[in-house]
Amino acid sequence: MTDPVKEIFNRGDGAARTTPGAAPPAVIPPAPAALAAKVRTLTPSMTRSMQRVAEAVADDPAGCAALTVTGLAELTGTSEATVVRTARLLGYPGYRDLRLALAGLAAHQQSGRAPGVTADISVDDPIAEVVAKLAHDEQQTLADTAAGLDTVQLAAAVAAAATARRIDIYGVGASALVGMDLAQKLLRIGLIAHAHSDPHLAVTNAVQLRSGDVAIAITHSGSTGDVIEPLRVAFEHGATTVAITGRPNGPVSQYADHLLTTSTARETELRPAAMSSRTSQLLVVDCLFIGVAQRTYDAAAPALAASYEALAHRHSPRTTTTR
């Protein structure tokens, strides 16, 4: 008989913990397919000169791959130092590595088909077209997030959460909904997790955290004060801190031990960032949850089964009693 719990997640040992004092893992440059996602995610937080370099490589990867560092600097009206800084910010050790990625991205684009729809939605679009555009945008957002997600950082966050005494999650607005989703998932596998959308209660609870606890901040902009403040307090009290954000260079990163980057979807009048960012946040939250469930499977499986059993009667048709 199939175990319904095992159908939800496969058992795994998860990532190994980092030994104190051990050398940090080597930085692995993003794969070519991840370059476009990296550019979309990081460009808003770059200086204007770096943005020109990033936009140039995104618009014409084949052409830029053929340029020397001097050639790209001249093309974008910047300096060689700016080109190198941009390459490093995108995750490449130097310009040579970026050129190789550009060549790979160009080959990938030439072998594939351009998308047939865009996410531009107007007020008079038929509903069928709205569905097609939104579906395409959601798919692109998920693909970008998966391509740009640092699995080393994710594994470290999973390891911390799996053994945490307590997990506090901070978010406001749309990010608060994502925080509640994560808290509910973790509670169902037997962990102590609380989502806080009230900034005063968030700080009050953060004061109680200490080493062995985990605090998770969810902020698309990376600069939401009501989310950064409790994360700062948790950080200063010794908790392991995680930030889920679309702006990894934002202020929230100052107080994050581990950064999980989400895709920065293009904002439109009819679909503000609060809506489009939630898709990528939910993907990261699911990855984090599944990782924790894998590492704690022996305890998580019975807890999840118990929660199913406790709620089963609420999903069954009620029998009407006649008098």
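How many residues does helix H12 have, and how far does H12 reach from its first C-alpha to its last? Helix H12 (residues 225-236) has 12 residues and reaches 16 Å, close to the 16 Å expected at 1.5 Å a residue. The expected span is 1.5 Å times one less than the number of residues in the helix.

Some ground rules come next. This is a predicted model with residues numbered from 1 along each chain as its sequence is written. Local features need pLDDT of at least 70, side-chain atom pairs count only at pLDDT 80 or more, totals for chains, interfaces and linings use all residues, and side-chain values use heavy atoms, with hydrogens and water left out.

Now the whole protein. Its secondary structure comes to 14 helices and five strands. Helices (H or I, at least four residues) and strands (E, at least two) are DSSP runs, numbered from the N terminus. Of the 323 residues, 41% are buried. Buried means under 20% relative accessible area, exposed means over 50%, and partly exposed lies in between (1.4 Å probe, protein chains only). The accessible surface of the protein is about 17000 Å², and carbon and sulfur atoms hold 56% of that surface. These areas come from the Shrake-Rupley method with a 1.4 Å probe; for residues, only the protein chains shown count as cover. Among contacts with a separation of 6 or more, 72% join residues 24 or more positions apart. Contact means heavy atoms within 4.5 Å.

Back to H12. Its buried residues are Val227, Ile228, Pro230, Leu231, Val233 and Ala234. What covers them includes S1, helix H11 (199-206), S3 and S4. Val203 is found in H11. At 23% relative accessibility, Val203 counts as partly exposed. Val203 touches Glu229, Pro230 and Val233, leaving out residues up to four places away in sequence. Val203 and Pro230 are 27 residues apart in sequence, yet 4.5 Å apart in space, C-alpha to C-alpha. After H12 comes Gly238, with a positive phi near 95°.

The rings of Phe235 and Tyr255 have their centres 6.1 Å apart and their planes at 65°, so the pair is edge-to-face. Rings of Phe, Tyr and Trp (its six-membered ring) pair if their centres lie within 6.5 Å; planes under 30 degrees apart count as stacked, over 60 as edge-to-face and the rest as tilted. Phe235 sits in helix H12, while Tyr255 is in the loop between S4 and S5, 20 residues apart. Phe235 is partly exposed, with a relative accessible area of 34%.

Which residues have the most contacts inside the largest nonpolar core? They are Ile167, Leu182, Leu186, Ile189, Ile216, Leu260 and Val292, in a core of 30 residues. The elements that give two or more residues to this core are helix H9 (151-162), strand S1 (167-170), helix H10 (174-188), strand S3 (214-219), strand S4 (240-245) and helix H13 (273-295). A nonpolar core is a set of buried Ala, Val, Leu, Ile, Met, Phe, Trp, Tyr and Cys residues joined through side-chain atoms within 4.5 Å. Take Ile216. Neighbours within four places in sequence aside, Ile216 is in contact with Ile167, Asp168, Ile169, Tyr170, Leu182, Val242, Ile244 and Leu288. Apart from this core lies another, of 22 residues, among them Cys64, Leu72, Val83 and Ala101. In soluble globular proteins, nonpolar side chains tend to be buried together.

Buried in H10 are Ala174, Ser175, Ala176, Val178, Gly179, Leu182, Ala183 and Leu186. Gly173 lies in the loop between S1 and H10. At 57% relative accessibility, Gly173 counts as exposed. Just after H10, Gly190 takes a positive phi of about 90°.

Next, His258 in strand S5 (residues 258-261). At 15% relative accessibility, His258 counts as buried. His258 touches Gln153, Ala156, Ala157, Thr240, Thr241, Val242 and Ala243, not counting residues up to four places away in sequence.

Finally, the cysteines. The structure holds zero disulfides, a disulfide being a pair of cysteine sulfur atoms within 2.5 Å. Cys64 is buried at 1% relative accessibility. Cys287 is partly exposed, with a relative accessible area of 29%.
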